[in-house]
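Hi everyone, thanks for coming.

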Amino acid sequence: MASAAGHKNPDIFSDLFSKHFSGRLKLLLVYAILIIATVQTIYPLFWMVFGSLKTDADLFNNVWGPPRTMIWQNYIDAWRIADLGARIGNSIIITALSLTVLLIVSSIAAYALARLQFPGRQAIFLIILATMMIPPEVTVIPLFIVVRTLGILNSRFGLVFVYAGTSMAFSIFLLRGFFMSIPPELEDAALVDGANRLQVFWYVVLPLARPGLATVAIFQGMFFWNEFFLAFIFIRQAELQTIPLGLVNFFYRYSADWTLYFAALSMVTIPVIVLYVGMQRWFIEGLTAGAVKS
Amino acid sequence: MMLTPAIILLVIFVLIPIVYGFYLSFHRWDGFNSPEFIGTRNYIRLIERDDVFLKAVTNTIIFAISVVLVKNLLGLFLALLVNQKIKGVIFFRTALFLPVTLSFVVIGLLWSWIYNPTFGLLNAGLELLGLDGLIRAWLSDQATALGAIITVDIWKWTGFHMVLFLAGLQSIPKDLYEVAIIDGASAWTRLTRITLPLLAPVTFISVLLSLNGAFVRNFELVFVMTDGGPNHTTEVVLTHLVTQAFRFGKLGYASAMGFALFVVVAVIAFTYIRIGRSGTYNF
């Protein structure tokens, strides 16, 4: 298309080289670059799955190719030794609870900041704006002491509140923007009909703000699911570990079972990839809207 | 009041830690006995007597500058490519964005195996291409370890910036290009006079996002891939901080490091936003 259209095509890149190359050659060059970029992006993942099905000898002698015989037993052994079931359970619980706390608390606060007039509103919003840019990593020592003092160190509960608390500012900021874009007339009508603010929020505003909530859920859910640093600091008990912690633990405990590592990594990665490919529009829009709206 | 729960969480998990960290940074503390006030000695020690910290600072800065530059430039470049109406473009976009969804731990482990000298994909690939001279133990070689880790961070995030830039490119009105073409503007002129200026808002955000994590979102990869080695060549401030705090029980000293990092991150973010605000983009 791009080559045939030549000058009529307004895309910038397609005729950047038009002086030097004919259309067909240019298209070939574009494809060559895209294919190289794609191969270096997804071949490592195929390689991971290949490795998970190999024997040790196959892994070392047949480095980049597919397995010669499929060793499914690797998956069974890795699942058992890495105790993946428990880790997946922990990750699901922690991600779900963190998102629940975050979405409830931040949407109510964001709505208040978007619609209500009260003293200190501007000041609170400025503090939220300012703390949004501060990653929790830089305050990890005092945060650790705070969590220890509250007696919620080494508990799923504690990690849930650390996650929700440290991502609160961003989420409020995002949702506030969303609520402000909803026309207030609808709410006014409900208020006139005798609904109170919370009812209006619950029955009128939240349903309209579903895309905003979805953005926060995908953006933050992904972050909680993948998070390692805070979990590493606040969770030390093996039974409470999330998937990233469990993988690191597994990797450091059994330091020669390479094919089992590949299997463990494949088991936690393949579902994420399947989910992503199935819902890629949601993922890409959620992750980038989360970024751009800020 | 509707804001109360949010304020409580913000105060406990964000504001108190900032203030408390500042307080702790002037104390010597093992985390159990009562903190002993030592003035600015933690800070003086950081600057004058902690060689590992200075190495960590250098590495953190190298890491931050390289990832911000390369992620954004590569992301823009790929966005220009996948913004064309060519066959299979959706497939390329989907595939290139994929690493964004995977965790640092998964990616760090996977890449430490790719760099592995005995069964690693990278050395095998180099051998296949006849580049045997380049084969090395990437992560245990002092000359390449930091670069190897930086590459992985770029690998993970480039697709994200590509999609941001793509969204920006698609919001530029097509008729601007048509008019420019009628006026005889070359492709290069169109890129520098239309595309890049109109991409300024997206560029601002894309750089801000990469900048935000550039100084701290390096812990996972370093921890998983090299644990700061060999000989501290991949040590970053956060790994050093965690070692000092949780291996040696120097919580006051680690707090000083954390507070220094906080100041750097805050100053850079706010300066950047201020500059961006005075420029074309209204933040």
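Let's start with the buried residues of H2 in chain A: A:Lys26, A:Val30, A:Leu34, A:Ala37, A:Leu45, A:Trp47, A:Met48, A:Phe50, A:Gly51 and A:Ser52. Buried here means 20 or more other C-beta atoms within 10 Å of the residue's own, with C-beta atoms placed from the backbone. Helices are DSSP runs of H or I, at least four residues, numbered from the N terminus.

A word on the source: this is a predicted model, where local features need pLDDT of at least 70, side-chain atom pairs count only at pLDDT 80 or more, and totals for chains, interfaces and linings use all residues. Residues are numbered from 1 along each chain as its sequence is written, and chains are lettered from A in the order in which they are written.

Back to the helix. H2(A) has a kink of about 30 degrees at A:Ile42, shortly before A:Pro44; that bend is the angle between axes fitted to the seven residues ending there and the seven starting there.

Now, the neighbours. Between the chains, 77 residues of chain A are in contact with 76 residues of chain B, contact meaning C-beta atoms, placed from the backbone, within 7 Å. Helix H2, residues 23–52, gives the most to chain A's side, with 11 residues.

Within chain A, there is domain 1 (2–71) and domain 2 (79–292), with bounds from an automatic or database domain assignment. Nine residues of domain 1 are in contact with seven of domain 2. On the domain 1 side, H2(A) again has the largest share, four residues.

Key
Contact = placed C-beta atoms within 7 Å. Helix = DSSP H or I, 4+ residues; strand = E, 2+ residues; numbered from the N terminus. Buried ≥ 20, exposed ≤ 12 C-beta atoms within 10 Å, placed from the backbone.
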